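Reader: Hey, could you walk me through this one? I'd like to talk strands and cavities.

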Amino acid sequence: MLLLTRFRIFLNPGYPYEEMLRMYHNTTTLTMCAYMKQYGVFNWTRGGMIQLNRGRPQPLQYVSNAAFLASLFVDYMNATGVPGIYCGADFIKLDKIKSFATSQMDYILGKNPMKMSYVVGFGNKFPRHVHHRGASMPRDKIKYSCTGGFKWRDTRNPNPNNITGAMVGGPDRFDQFRDLRSNYSYTEPTLAGNAGLVAALVSLTSSGGLGIDKNNMFSAVPPLYPQSSPPPPPWRP
């Protein structure tokens, strides 16, 4: 929906796409409003994490992706010179939406009650018992069966290999985290979550330049309308 919103605000194709694109644009705006704590759409932990999956396990994959979407939405609005959005009668400035994204990434990286970074290798305190076969099994050149690897899963020893850069599932709804390899709800890294993590970090990092390239962002997108047919060859008697 955010990508289709981008189509509307930058390309403005009009009929017959406008009605559909306006619907997606409105829904995307409502999603951004839902991220604002003041409206109580979602519960939040006392430590400041939004509970997008309603308190169920592995919350950080939802949090990281929401941070990315919010950050990108702000970039789109900034590129069009729009200073904010309306949530009902309230005008919400873009800075507040960006602050939401930043606060959630700060939580993931260590600004939380556990004072723990949930990204392996970042900071001094991070999960050491990540639920991941490659991280938990030693490099002893022995081939193990699926069940043969359980002894490494169940040991209390730290992982012999750090899966550096991976974000784990995250804490519970009380901001508590148990660094147990056998409890994947806390310690399992997912592709969906880590894709959101990387995207959010890229969008919030200024070293590569701020904003978006609205002049070239559609260069690989085919035309919305069919191309006109080539002119017929000149008539010859």
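Author: Here is a short chat about a hairpin and the cavities. This is a predicted model, where local features need pLDDT of at least 70, side-chain atom pairs count only at pLDDT 80 or more, and totals for chains, interfaces and linings use all residues. Residues are numbered from 1 along each chain as its sequence is written, and side-chain values use heavy atoms, with hydrogens and water left out.

Reader: Ok, how do S1 and S2 pair, parallel or antiparallel?

Author: Antiparallel, over four bridges, with S1 at residues 84–87 and S2 at 90–93. Strands are DSSP E runs of at least two residues, helices H or I runs of at least four, both numbered from the N terminus; pairing takes at least two DSSP bridges.

Reader: What stands opposite Gly84?

Author: Lys93 in S2. The hairpin has two residues between the strands, and Gly88 takes a positive phi near 70 degrees.

Reader: Switching topic: how many cavities of 30 Å³ or more?

Author: Two. A cavity is a set of points on a 1 Å grid over the protein atoms alone where a 1.4 Å probe fits but cannot get out, and lining residues have an atom within 4 Å of a point. Volume is the space filled by probe spheres set on the points, which are joined across faces, edges and corners.

Reader: And how much space lies in the largest cavity?

Author: About 40 Å³. Its lining includes Leu60, Met167 and Glu188, and helices H3 (60–79) and H8 (191–204) each supply at least two lining residues.

Reader: What about the second largest cavity?

Author: About 30 Å³, with Met49, Arg56 and Asp172 among its lining residues.

Terms used: 1 Å grid on protein atoms, 1.4 Å probe; cavity = no way out; pocket = protein on both sides within 12 Å on 5 of 7 lines; lining within 4 Å.
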